[in-house]
Amino acid sequence: MATRGKLEVDIELKSSADKFWKTIRESTEIFPKAFPHDYKSIEVLQGDGKAPGSVRHITYADGLPLVKSSKERIEAADDEKKTVSYEVIEGDLLEYYKKFKGQIAVTTTADSGCEVKWTAEYEKTSHEIPDPSAVKDFVVKNFLEVDQYIIKQSA
């Protein structure tokens with residue numbers, strides 16, 4: 001059984017790529033207010049919270065499995081291409097995974113909606129640790145909730 005792996009998710013949403021991307025980029029302010037059932041707070045510790053090198057401390061809501069808090073460093077961000085990559089540098093997740101890197105890419109679909117692709121690369125601390133499917137499930141739920149949030153804001 002491998003200790004390294006990769007997860008990928010592709011989701012088609014109703015929101016425009018521009019609105020979805022803007023919401024993701026403004027997640028520090030938006031997520032704790034719009035999704036308090038998932039996020040207690042997102043605090044910028046270094047940089048502006050968006051540019052490469054920025055570090056954010058995310059405190060998750062009570063009752064979420066696996067993770068209570070994490071610190072993420074933005075590795076790369078391209079607003080034109082609507083891509084961002086990050087690495088978890090501290091927090092509960094690193095008890096299970098030596099390395100956890102994620103990437104989000106948002107593209108426009110033919111029906112003026114968007115497709116969001118999330119990719120995560122990870123390395124387990126041991127063979128017994130399961131793949132991070134709980135993280136993937138949370139990401140999918142979160143993207144669907146962001147889509148609904150944007151639709152409600154546009155109504």
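**Fold, core and loop geometry of the predicted model**

Lys82 is buried, with a relative accessible area of 14%, where buried denotes under 20% relative accessible area, exposed over 50% and partly exposed the range in between, for a 1.4 Å probe and protein chains only. The structure is a predicted model, in which local features need pLDDT of at least 70 and side-chain atom pairs count only at pLDDT 80 or more, whereas totals for chains, interfaces and linings use all residues. Residues are numbered from 1 along each chain as its sequence is written, and side-chain values use heavy atoms, with hydrogens and water left out.

Lys82 is located in the loop between β4 (69–78) and β5 (83–91) and, although not a glycine, has a positive phi of about 60°. A positive phi, of about 70°, also occurs at Ser112, which is not a glycine either; Ser112 lies in the loop between β6 (97–108) and β7 (114–124) and is exposed, with a relative accessible area of 52%.

The protein contains 3 helices and 7 strands, assigned as DSSP runs (H or I of at least four residues for helices, E of at least two for strands) and numbered from the N terminus. The order of these elements from the N terminus is β-α-α-β-β-β-β-β-β-α. For 155 residues a compact globule would have a radius of gyration near 15 Å, and the 15 Å of the protein agrees with this; the radius is taken over C-alpha atoms, and the globule rule is 2.2 Å times the number of residues to the power 0.38. Buried residues account for 43% of the 155 residues.

The largest nonpolar core comprises 38 residues, and those with the most contacts inside it are Phe20, Phe100, Trp118 and Phe143. Such a core is a set of buried Ala, Val, Leu, Ile, Met, Phe, Trp, Tyr and Cys residues joined through side-chain atoms within 4.5 Å. Helix α3 (residues 133–154) gives the most to this core, contributing 6 residues. When residues up to four places away in sequence are not counted, Phe20 touches Leu13, Ser15, Val106, Cys114, Val116, Phe143, Val146, Asp147 and Ile150, a contact being defined by heavy atoms within 4.5 Å.

In helix α2 (residues 27–34), the residues Ser27, Thr28, Ile30, Phe31 and Pro32 are buried, and the elements covering the buried residues of α2 include α1 (17–25), β2 (39–46), β3 (55–60) and α3. Among contacts between residues at least 6 apart in sequence, 51% join residues at least 24 apart.
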